[in-house]
Amino acid sequence: KIENEVREFVHKYLDASREQEKTIVDYALATWLPLPPVLKYLHIIGGNGTGKTRAGVVMESICFNAITAQGKATPKTVIRLMDKNHPCTLIMDEADLLCQAEEDENGDFTPSTFEALLAVGAMKQTARILYMEQEKPETYTPKAYNVHGYKVIISRKPFSNMAIASRCIIVRLKAKKLRLEIPQVLD
């Protein structure tokens with residue numbers, strides 16, 4: 001019964017093929033189950049006007065304990081929220097921006113913290129990101145944050161990092177004339 005209700009909700013608010021709807025519904029329902037030791041991410045890919053952001057809003061409404069990171073959200077804040085609210089589902093809208101390489105103090109480019117989060121977050125054994133936390137003035141202690149969990153990644157293109165790409169179930173949205181009965185705002 002719940003699967004039918006979720007499927008109807010997705011169909012009402014998102015213009016996707018039946019196969020895409022099934023993938024989205026199955027993934028959302030999986031987020032309500034206990035976390036497996038190894039899991040896949042859902043990667044929704046499409047150009048402008050394909051419904052990517054709407055898909056993220058729909059997923060935020062139906063996934064377990066959803067946290068959304070978009071635009072230039074700070075990685076440290078998102079990582080702390082994931083750890084505090086574990087288990088949760090991270091919805092990464094505009095992942096192209098979030099996962100841009102970062103320039104270090106030497107002018108070299110390194111993978112972004114969000115890309116590192118995706119690299120380690122699929123397997124329970126490796127899903128820790130370490131930060132040095134200030135306990136007192138001039139006293140720092142390492143703290144490991146748990147980032148294991150489901151992730152819905154929304155971007156314009158696939159990942160060039162094959163390790164991350166291999167962890168993804170891909171749904172490609174294409175530009176088309178939208179169904180007129182789709183409400184602009186979710187209830």
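Asp15 is buried at a relative accessible area of 10%, where buried means under 20%, exposed over 50% and partly exposed in between, with a 1.4 Å probe and protein chains only.

Notes on the model: it is predicted, so I kept in mind that local features need pLDDT of at least 70 and side-chain atom pairs pLDDT 80 or more, while totals for chains, interfaces and linings use all residues. Residues are numbered from 1 along each chain as its sequence is written, and side-chain values use heavy atoms, with hydrogens and water left out.

Other salt bridges: I searched the whole structure and noted 8 of them. Lys22 and Asp26 meet at 2.7 Å, N to O, and they are 4 residues apart in helix α2, which means that about one helical turn separates them. Lys22 is partly exposed at 42% relative accessibility, and Asp26 is partly exposed as well, at 32%. Returning to Asp15, I noted that salt bridges with shared partners join Asp15, Arg179 and Glu181 into one network. I also looked at Lys1, which pairs with Glu5 at 3.6 Å between the closest N and O atoms; Lys1 is exposed at 77%, whereas Glu5 is partly exposed at 40%.

Whole chain: I counted 7 helices and 9 strands, taken as DSSP runs numbered from the N terminus (helices H or I, at least four residues; strands E, at least two). Buried residues make up 41% of the 187 residues. Among contacts between residues at least 6 apart in sequence, 68% join residues at least 24 apart, a contact being heavy atoms within 4.5 Å.

A strand residue: I then checked Ala69, which is found in strand β2 (residues 66-70) and is buried, with a relative accessible area of 0%. Ala69 and Met92 are 23 residues apart in sequence, and their C-alpha atoms are 4.9 Å apart in space.

Note on methods
Salt bridge = Lys/Arg side-chain N within 4 Å of Asp/Glu carboxyl O.
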